[in-house]
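Have the model open as you read.

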Amino acid sequence: MFKRLLVSRWFHFILLFSLLFGMLFVRVQDYSWLKQMRFMAFDTFNQWYPREKTDKVVVIDIDEASLKYPDLGQFPWPRNDVAQIVDNLTDMGAAAIVFDITFPESDRTSPRTVFQSLPVDIRLQNFTSTDDLLDYDEVFAESIKKSKRVVTGFTRTDVIAGSEDKDIDYSNTRNPRIKKPIMLGPQAKDDLFERITHMSNSTSNIELLTKEAAGNGFFSTTPDTDGKIRKIPLLMSADHYYGDTKRKLLHPSLALEAVRVSTGQNTIVRVTSSDEWSGSPFDTKYKLKVGPYTVPMTQDGRIYAYFSKKREEDYIPAYKVFNGSVDPEKINGKIAVIGTSAEGLKDIRSTPLDLFVAGVEGHVNVIEQILTNNYLIRSESINGAELLVVAVVGFLMIVLAPFVGAVIMALFTIVLVSGFGLFSWHVFLEYKYLVDPVYPAFVAISIFMMSSILSYIRSESEKKHVRDTFSLYISPDYIKELTKNPENVKLGGQSKELSVMFTDIRGFTTISEKFTPADLTQLMNDFLTPMSDLVMENRGTIDKYMGDAMMAFWNAPLDDDRHAENACRTALLMDEALEPINERLAHDMSAQGKEPVVLKAGIGINTGLCSVGNMGSRQRFAYSAMG
């Protein structure tokens, strides 16, 4: 039953369609290993064709050299030194000054703070008031206020209200200040809040700094399972309380705030849906409007980072800005992002282009994408189109497989796989669409392999059935020979020495008159079956049956050096085999009240040169011998 089911064509269809449905289910679930396959293709595209670098953003790098600079030293630096960097960047004409670091605690190196930490008796001996002592946080806040172009940063934290350690000050672990609210367009849906990352709390700057900043954005990023940064959040949500009323509001990323502040306008970041703008059906559902710029955004509030190759000339050591030795032309009119590449400060990330790179690169690349309107797009409609392609291609391959040969199907699969890759590369170059070539190709190859395996099983079963059937007509040895050398299945023969046997029943005409046709057929089966067995047991080939006669020969198709001896031995054994046949025949005829019949065989053998091979017509031929 199982063997019959295994070779059933309908059962094969069921298996193949089950495989296709399973692959569609996997695609809908979008497991992590599937994402990694897709990311490998997108990373390759980015590596082959990286985004062109612009000159609109520079990195003020807290690098190893800056940490060794005598007037700065180990990090964190005193806030008055950071204020000096802000003042110098402002004087050099930076369009925006963006901090990819946060200042969640008061500066403990401030004279006022140091003084307050002294024992009371020492303080009384030297000072009576702290009014004349500097507070570096106030100095830093004053520089931020005068600059009017500083964007402070904060990061998401997992600390949840009510779970804090009572011995630790969590005053700066809270939802941060929103400098400019993000407005939802009239058609923007509530599912935006359901999909984007929600902040329960954040690690923010001290309020003194945040309130003077021109912008405030988060710099949290989440790498993919392989540790690489590819999608960077543009928005996060957080709960804000107004009295007893709780409202969920959106917070912008550091990159968005940098662009907003650099425009020189108080433009409110606004989210619009596809209902509010006309564009390609493969564009993202939501877009952000930041001043004059429109930014495509995925439904989870992220952007695919299109990375460019790192340029060392865009990195300016922080100590050179601090001491004023940098050329102002390198700063003027550009967005200056203050970050760190020093390994000890643990802000090292991986991207599709670099295994180890400063974390600030993620923000820099997003800012440059916005300023140059150069985006990578992977929308829900592209995702749906891929799913449809997988379903259609899989269905066509399953339906066409029984009607085309294995070679044609293999070529078709190769064309499909190549087409997926070329199409994905083309739309990446022309439209910056991210279309997955890997999974559709994987599905096509899997269906081809499964179809080929099932076809092979069915073909082998059919061949076995044919071999078993034809072994009843021709020599099993000849069947094996043809299986090994199918080119021999053609008209023609060869000259070869054979031993040929003819055998029949003596007086068959007279005997046949005593039997009905059915009984006569049974009689011939009882006679020819043991005779045929003896021929094949002794390496003979049965050529044909002619009524009561049988023709057989030895030494073809397989060579037999003792063909004459084997033919004679067969003849002697045939004579002995007649005895049990005649005893059974006599018993059966006596039971029917008939006169017993004794069968006697006439056997003739000759050895000589013959022509042996496939003989007959082009429409039909048989393996036989003549001579």
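Helices (H or I, at least four residues) and strands (E, at least two) are taken as DSSP runs, numbered from the N terminus. On that basis the chain has 20 helices and 23 strands. It's a predicted model, so local features need pLDDT of at least 70 and side-chain atom pairs count only at pLDDT 80 or more, while totals for chains, interfaces and linings use all residues. Residues are numbered from 1 along each chain as its sequence is written, and side-chain values use heavy atoms, with hydrogens and water left out.

**The whole chain**

Of the 627 residues in the chain, 46% are buried; buried means under 20% relative accessible area, exposed over 50%, and partly exposed in between (1.4 Å probe, protein chains only).

**Two helix pairs**

A word on the geometry: axes are lines fitted to C-alpha atoms, for helices over the stretch in contact, and angles run from 0 to 180 degrees between N-to-C directions. Angles under 35 degrees count as roughly parallel, over 145 as roughly antiparallel, 65 to 115 as roughly perpendicular, and the rest as oblique.

How do α5 and α8 (residues 136-147) pack, and at what angle? Their axes sit 8 Å apart, at about 15 degrees, which makes α5 roughly parallel to α8. On the α5 side, the contact involves Arg79, Asn80, Val82, Ala83, Val86, Asp87 and Thr90, and α8 brings in Tyr136, Asp137, Val139, Phe140, Ser143 and Ser147. By class, that is six nonpolar, four polar and three charged residues. For these classes, Ala, Val, Leu, Ile, Met, Phe, Trp, Tyr, Cys and Pro count as nonpolar, Asp, Glu, Lys and Arg as charged, and the others, Gly among them, as polar.

With α14 and α15 (residues 406-431), the axes come within 11 Å and cross at roughly 170 degrees, so this pair is roughly antiparallel. Val389, Val393, Met397 and Leu400 of α14 meet Met409, Phe412, Thr413, Leu416 and Phe420 of α15. The contact has eight nonpolar residues, one polar and no charged ones.

Most residues other than glycine have a negative phi, and most peptide bonds are trans.

| Residue | Phi | Relative accessibility |
|---|---|---|
| Asn373 | about 55 degrees | 55%, exposed |
| Asn555 | near 85 degrees | 10%, buried |

Asn373 belongs to the loop between α13 (360-372) and α14 (380-400), whereas Asn555 is in the loop between β21 (549-554) and α20 (563-591). There's a cis peptide bond too, from Phe75 to Pro76, with omega near 5 degrees. Pro76 falls in the loop between α4 (64-68) and α5 (79-91).

**A buried serine**

Ser237 is part of β9 (residues 235-242) and is buried, at 0% relative accessible area. Its C-alpha is 5.5 Å from that of Leu249, 12 residues away along the chain. Setting aside neighbours within four places in sequence, Ser237 has contacts that include Phe193, Ile196, His198, Met199 and Leu249.

Notes
Contact = heavy atoms within 4.5 Å.
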